[in-house]
Amino acid sequence: MATESEELESLVNRRYEHGFVTDIEMDTLPPGLNEDVIRAISARKNEPEFMLEWRLKAYRMWLQMREPEWAHVHYPPIDFDAISYFAAPKSDADRPKSLDEVDPKLLETYDKLGIPLHERARLAGVAVDAVFDSVSVATTFKEKLSEAGVIFCSFSEAVENHPELVRKYLGSVVPQRDNYYAALNSAVFSDGSFVYVPKGVRCPMELSTYFRINSANTGQFERTLIIADEGSYVSYLEGCTAPMRDENQLHAAVVELVALKDAEIKYSTVQNWYPGDEEGKGGIYNFVTKRGDCRGANSKISWTQVETGSAITWKYPSCILRGDNSVGEFYSVAVANNFQQADTGTKMIHIGKNTSSTIVSKGISAGKAQNAYRGLVKVMPQADGARNHTQCDSLLIGKECGAHTFPYMEIKNQGAKVEHEATTSKISADQLFYCRQRGLSEEDAVNMIVNGFCKEVFNELPMEFAVEAQALLNVSLEGAVG
Amino acid sequence: MLDIKNLSASVGGAEILHDLSLSVGTGEVHAIMGPNGSGKSTLAQVIAGRDDYEVTGGSVTLDGEDLLDLDPEERAREGVFLGFQYPVEIPGVNNAYLLKAAVNAQRAHRGLDEIDAFEFLKLAKEKMALLGMDQKFLNRGVNEGFSGGEKKRNEILQMAMLEPRLAILDETDSGLDIDALKAVAHGVNALRSPERSIVLVTHYQRLLDYIQPDHVHVLSGGKIVRSGDKTLATELEERGYDWLKEAANG
Ligand SMILES: Nc1ncnc2c1ncn2[C@@H]1O[C@H](COP(=O)(O)OP(=O)(O)OP(=O)(O)O)[C@@H](O)[C@H]1O
Ligand SMILES: [Mg+2]
C-alpha cells in the first residue's frame with residue numbers, strides 16, 4: 001500500500017524545459033567589480049555624464065552596505081568578484097533597427113522559449129521588448145505605440161532619447177541606497193525597459209518584456225521604469241527564463257512604477273528562471289526590488305505574479321499609497337519545488353487618506369522546498385480611512401516541504417481597518433481519488449487542484465498570459481504525484 | 001457484468017471484507033444493505049480501486065476483465081462509476097471544468113475527440129433539468145459549500161453525464177429531502193437500461209420504493225449474509241439486522 005505522502009512526493013519530479021544555451025559570440029567584461037568596470041559599462045552605453053555619476057554614487061553606497069540576512073532563505077555567500085557585470089551579444093556594435101536585423105540564432109532562442117517574435121508581432125495587441133542577457137534586443141510595435149504617444153523602449157534608448165524623463169524619475173521610487181541589491185543594480189544595471197504613458201492615454205495594447213539569462217557567470221541587472229502620467233492606463237507583463245547551469249546565477253533587478261493622479265498601472269510577472277536540479281544544484285538567485293508609487297490621488301497599482309522558477313527568490317513588490325484614495329493590489333502565486341526557496345510577499349504603505357490595499361498570496365510547496373510569505377502593512381498616522389485585506393493561503397504537496405507566513409503590521413492610525421486571513425491546506429488523498437474515479441490521471445488531478453487553488457490570482461492576469469501561467473504551473477509540478 | 005469472487009480486503013492491517021462473493025448481471029439493479037461498519041463503503045471503494053485498501057484474496061471482474069489490475073482512472077474510463085458517500089470539496093475548481101475533464105477522459109479512452117464546448121453545455125443543462133438542479137452549480141467550485149443534499153445531486157449529475165456501465169451509489173439517498181430523493185431516483189431510473197448495472201448501497205427501504213431493485217443483499221461483518229428480492233428490504237425494515245447476524249454466526 002503506497003502511502004499518500006510517498007505518492008505525492010514522487011509526483012514532484014519536473015524537467016526544466018528552457019534549459020538550452022545559445023551559442024553566439026558575447027562581448028563580456030571580465031569578472032569583478034570596481035569603479036573602472038562601472039565606467040566601462042557607462043562608456044559602452046554612451047551614457048551622459050549624469051548617469052555615470054548616478055552609478056558611481058550607488059556603487060560607493062553599496063560598498064558601505066551588507067547583504068541582508070533576515071530572509072527565510074539559505075545560500076552560500078556570493079562572490080561578487082566572480083560575476084561578470086556586462087554581457088551583450090557581439091552584434092550589439094550595430095544595434096538591430098528592426099526584427100530583420102536581429103541575429104537569427106537569437107530569434108531561434110526566443111522561438112525555443114515559445115516567444116516567436118514574428119508570431120507575436122502578428123498576434124494583435126502584444127508588444128514585446130526582449131532583453132537578452134544585458135541588452136534589449138528588439139522592440140516590436142514601437143510605431144503603433146508612438147502614434148498614441150506611448151514611449152516603450154529599452155532603458156538605454158530612454159537614456160539616449162528621453163534623458164529628462166529618466167533623470168526626473170530614475171531612483172525616485174527605489175533610491176540607490178534602498179537595499180543591498182538595489183544599490184548594486186543602480187551601479188551596474190545594463191539594460192531593461194522603459195515606459196512612459198502620457199496624460200489621458202489608455203495604452204492601446206498590453207506591453208510585454210521577456211528576460212533571459214544566457215552567459216555563464218553573468219549577473220543580470222535590469223532596470224525597469226514605468227511612468228503613467230495623469231489619467232493614463234497601462235498593462236505590462238514580464239516573462240523570465242534562463243538556461244540550465246550548474247553554477248548559480250545572480251539576477252538583481254529593480255522595477256520602479258510611478259502612477260500619477262488618476263493613473264493605473266497593472267504589472268504582471270510570469271517568472272520561470274531555472275530553479276536548479278532535483279539535488280538543488282545550480283539555479284538562479286532572484287533578488288529583486290519592485291516598488292510602485294501611487295503618487296497622485298485616485299491612482300492604482302496592481303502587481304500580479306506567478307513565480308515558478310529560481311533557486312532562491314527574494315522579492316516583495318510593494319505599493320506606496322501616497323495619493324488620497326489610491327489603491328494597491330498584490331496577487332501572487334509562488335511555487336517552490338525540490339530545493340527551491342522562495343521568500344516573497346509585499347509591502348503596502350498607506351500614507352494618503354482613504355487608501356486601500358488588497359493582498360492575495362498563494363504559496364505552493366512541494367518536494368523539500370521552503371516557501372515563505374512576508375508581508376508588511378503599514379498605516380501612517382495621517383492615513384485616515386485606510387483599509388487592507390490580506391489573504392494568505394498555503395498548499396503543501398508532500399511531507400518534507402514547508403510554508404511560513406510572516407505578516408507584519410504597523411498601524412499608526414486608530415481608524416485603519418486591517419484584516420488578515422491565513423490558511424494552510426494539503427492536496428488530500430480523498431481529492432485525488434475523487435478526481436481519478438472520474439477518469440482523470442493523477443497528474444491531471446494534481447494540476448487541476450493546484451490551478452483551482454490559484455484561481456483568484458490567475459483571474460487577475462491578462463487572458464493570454466493566464467493560459468501561459470497555468471501551463472507553466474503544470475510543468476513546474478510535473479511528476480509531483482505518480 | 002460485475003463478478004466478485006471470494007474477495008478479501010483489509011485496511012490498516014484489519015481485514016474488513018472476508019471471502020465475499022457477489023454477482024450483478026447486466027441490466028440489473030442490486031441493493032446492498034447492512035449495519036454501520038459492515039463494509040459496504042469498503043466494498044464500493046475496493047471496486048473503484050482506492051489503494052488504501054489491500055486486496056488479500058479473490059477477484060473482481062467487469063464483463064470478464066480483471067478490474068483489480070487497473071488504476072482507479074482506468075476503471076473509471078472503462079465505465080465504473082462510484083457515487084461517494086461523502087463527496088469531497090475541491091475549492092476553486094469549477095464544477096463544469098471537472099465534469100468536462102471527466103467526460104473527455106472517457107472519450108479519449110474510447111478514441112473519440114474532445115466534446116465540443118457547446119455540445120457539453122447543452123448536455124449538462126439537460127441533465128441538470130432532469131435532476132432539478134440550478135444551472136448556477138456548473139460555475140461553483142466542485143462541491144464547495146454545497147449542502148449535503150446538493151452534493152449528492154451533483155454525484156448523480158456526474159453519473160448522468162458519464163453514462164457508466166456500472167454505477168455504484170454509496171448512500172446517495174442519505175441526507176436528501178423528499179423532493180431531492182425523488183429527483184435522484186428519477187435520475188437513476190432514467191439511466192436504467194439493459195446495458196447498465198446499478199448497485200445501490202442504502203440504509204432505507206424508502207429509496208427502494210422509488211427505484212425497484214431486482215435483488216437485495218445484506219452485508220454484515222464483511223460478507224453477504226443474505227440475498228433475496230425486494231421483499232427482503234421490507235423484512236429488514238421490520239426486523240432489523242440482529243436475526244441475520246445471529247444466523248450468520250450460528
Ligand atoms: N483506515 C481504516 N483503518 C481501520 N479501520 C477502518 C479504516 N477504514 C475503515 N475501517 C473500518 O472498516 C469497517 C467498514 O467500514 P465501511 O465504511 O466500509 O462501513 P459501511 O458499511 O460503509 O458503514 P456505514 O453504513 O456507516 O457507511 C468499519 O469498522 C471501519 O471502522
Ligand atoms: Mg458507508
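1. How many residues of chain B are in contact with chain A? The count is 33 residues of chain B, and they touch 20 residues of chain A. Keep in mind as you read on that this is a predicted model. Together the two chains bury about 2,300 Å² between them, and 61% of that area sits on carbon and sulfur atoms.

2. Now for the polar side of that interface. The rule picks out 12 residue pairs in polar contact between chain B and chain A, both residues at pLDDT 80 or more. On chain B, the elements that give two or more residues to the side touching chain A are H1, helix H2 (72-77), strand E6 (80-83), strand E7 (90-94), helix H3 (95-109) and helix H5 (148-162). H3(B) provides the largest share, with 5 residues. By type, the residues on this side of chain B split into 19 nonpolar, 6 polar and 8 charged.

3. The interface of chain B and chain A also has 3 salt bridges by the rule. One to look up is A:Asp430 with B:Arg50, whose side chains meet at 2.9 Å, N to O. B:Arg50 has a partner in its own chain too: B:Asp52 forms a salt bridge with B:Arg50, and their closest N and O atoms are 2.9 Å apart. B:Arg50 is buried, with a relative accessible area of 12%, whereas B:Asp52 is partly exposed at 29%.

4. Helix H1 of chain B (residues 40-48) deserves a look of its own. Because 8 of its 9 residues are buried, this helix is largely enclosed by the rest of the structure. The buried ones are B:Lys40, B:Thr42, B:Leu43, B:Ala44, B:Gln45, B:Val46, B:Ile47 and B:Ala48.

5. Ligand 1 is next. Which residues come nearest to ligand 1? There are 13 residues around it, and the nearest are B:Gly37, B:Lys40, B:Ser41, B:Thr42 and B:His203. For atom-level detail, the side chain of B:Lys40 has an N or O atom 2.8 Å from an oxygen atom of ligand 1. A backbone N or O atom of B:Gly39 is 2.9 Å from a ligand 1 oxygen, and an N or O atom in the side chain of B:Gln85 is 3.1 Å from one.

6. B:Lys151 and B:Glu89 form a salt bridge, with closest N and O atoms 3.4 Å apart. B:Lys151 belongs to helix H5 and B:Glu89 to the loop between E6 and E7, so the pair ties together parts that are 62 residues apart in sequence. B:Lys151 is buried at 16% relative accessible area, while B:Glu89 counts as partly exposed at 29%.

7. Over to chain A, which contains 13 helices and 23 strands. Of its 482 residues, 63% count as buried. Among contacts in chain A with a separation of 6 or more, 84% come from residues 24 or more positions apart.

8. Last, the salt bridges as a whole: a search over all chains finds 27 of them. In chain A, the side chains of A:Glu410 and A:Lys378 meet at 3.7 Å, N to O. A:Glu410 is in strand E22 (residues 402-411) and A:Lys378 in strand E20 (residues 370-379), so this pair links parts 32 residues apart in sequence. Both partners are partly exposed, A:Glu410 at 33% and A:Lys378 at 21% relative accessible area.

Notes
Residues numbered from 1 in each chain as written. Chains lettered and ligands numbered in written order. Predicted model: local features only at pLDDT ≥ 70, side-chain atom pairs only at ≥ 80, totals over all residues. Heavy atoms only, no water. Buried < 20%, exposed > 50% of the residue type's maximum accessible area, 1.4 Å probe, protein only. Helix = DSSP H or I, 4+ residues; strand = E, 2+ residues; numbered from the N terminus. Contact = heavy atoms within 4.5 Å. Buried area = accessible area lost by both parts, 1.4 Å probe. Salt bridge = Lys/Arg side-chain N within 4 Å of Asp/Glu carboxyl O. Polar contact = N/O pair within 3.5 Å; in protein donor to acceptor, adjacent residues only side chain to side chain. Nonpolar A, V, L, I, M, F, W, Y, C, P; charged D, E, K, R; others polar. Near = heavy atom within 4 Å.
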